[in-house]
Amino acid sequence: TLREMNSLIRDRRLEKYYLCAVHGAPEPPAATARAHLLRNEKTKTVTVYLKNPPKNAKEIATRYRTLKEKDGLSLLEVELLTGRTHQIRAHLAALGHPLLGDGKYGVNRADRQRGFHHQALASVRLVFPPDLEGHLSYLAGRSFAVDTSELPFVKLFI
């Protein structure tokens with residue numbers, strides 16, 4: 001079962017959705033953003049290259065959709081099309097919209113003063129492909145979601 005699950009993730013057949021709050025309003029309000037990412041093992045950070053990536057950088061694709069805007073922040077639904085370390089945080093920051101509360105890729109001083117000491121990012125939904133076989137066949141086409149109404153950063157938009 002674990003091998004099958006890992007295969008779904010590796011083959012990008014498992015749809016993964018996240019909610020996050022970012023600074024500003026992305027333009028366009030919905031898009032599939034593509035770039036390249038290079039990991040720095042020493043600093044435990046990544047650098048996103050929107051243009052002219054180094055040879056060893058890996059391609060990333062992040063689909064986002066703006067759900068609400070309020071007080072200079074936007075609530076986004078994000079789908080990971082590739083799953084790289086810090087992808088959502090670093091990619092959105094590179095696009096000019098760092099996550100609320102993100103001290104690694106964002107500007108966190110004002111966020112801490114607002115009470116946000118951690119990144120405003122949560123995994124909220126998984127969707128299994130309809131053609132599953134084997135041990136996971138009972139999950140074919142099923143979707144699993146969490147109640148997002150109690151997430152502190154979601155409450156900002158209510």
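This is a predicted model: local features need pLDDT of at least 70, side-chain atom pairs count only at pLDDT 80 or more; totals for chains, interfaces and linings use all residues.
Hi everyone, thanks for coming.

Seven strands make up an open sheet, and if you read across it the order is β3-β2-β4-β5-β1-β6-β7, with antiparallel pairing. At the edges sit β3 and β7, the latter covering residues 143–145, and each of these two pairs on one side only. From one strand to the next, the twist averages 35°. As a quick reminder, strands of a sheet pair through backbone hydrogen bonds, either parallel or antiparallel.

Now let's zoom in on one end of that order. Strand β2, residues 30–40, pairs with strand β3, residues 45–49, in the antiparallel sense, and five bridges connect them. If you'd like a pair to find on your screen, look for Leu37, which stands opposite Val48 in β3. The two strands form a hairpin with four residues between them. One of the turn residues, Lys44, has a positive phi of about 55°.

Moving along the sheet, we come to β1, residues 15–23, and β6, residues 121–127. These two run antiparallel and are joined by six bridges. Here the pair to look for is Glu15, whose bridge partner in β6 is Val127.

Next, helix α2. How many of the eight residues of this helix are buried? Six of them are, so α2, residues 87–94, is largely enclosed by the rest of the structure. The buried ones are Gln87, Ile88, Arg89, Ala90, His91 and Leu92. They pack against strands β1, β2, β3, β4, β5 and β6. Just past the helix, Gly96 takes a positive phi of about 95°.

I'd like to stay with Arg89 for a moment. Arg89 lies in α2, and its relative accessibility is 12%; the cut-off for buried is under 20%, so Arg89 counts as buried. What does Arg89 touch, once we set aside its neighbours within four places in sequence? The contacts are Leu99, Asp102, Lys104, Tyr105, Gln119 and Leu121.

Let's carry on into the loop between α2 and α3, where we find Leu100. Leu100 is buried, with a relative accessible area of 0%. Not counting residues up to four places away in sequence, Leu100 touches a list of residues that includes Ala21, Val22 and His23, as well as Leu73, Phe116, Phe153 and Leu156. Leu121 is 21 residues from Leu100 along the chain, and their C-alpha atoms are separated by 8.4 Å.

Another loop residue is His117, between α3 and β6. Leaving aside neighbours within four places in sequence, His117 is in contact with Gly101, Asn108 and Arg112. Glu77 is 40 residues from His117 along the chain, and here the C-alpha atoms are 21 Å apart.

Last stop: the largest pocket, which holds about 190 Å³ of space. Which elements each supply at least two residues of its lining? Those are α1, β1 and β5. Among the lining residues are Ile9, Arg10, Glu15, Lys16, Glu79 and Leu80.

Conventions: Residues are numbered from 1 along each chain as its sequence is written. Side-chain values use heavy atoms; hydrogens and water are left out. Two strands pair if DSSP finds at least two bridges between them. Axes are lines fitted to C-alpha atoms, for helices over the stretch in contact, and angles run from 0 to 180 degrees between N-to-C directions. Contact means heavy atoms within 4.5 Å. Buried means under 20% relative accessible area, exposed over 50%, partly exposed in between (1.4 Å probe, protein chains only). On a 1 Å grid over the protein atoms alone, a cavity is a set of points where a 1.4 Å probe fits but cannot get out, and a pocket is an open set with protein on both sides within 12 Å along at least five of seven lines; lining residues have an atom within 4 Å of a point. Grid points are joined across faces, edges and corners, and a volume is the space filled by probe spheres set on the points.
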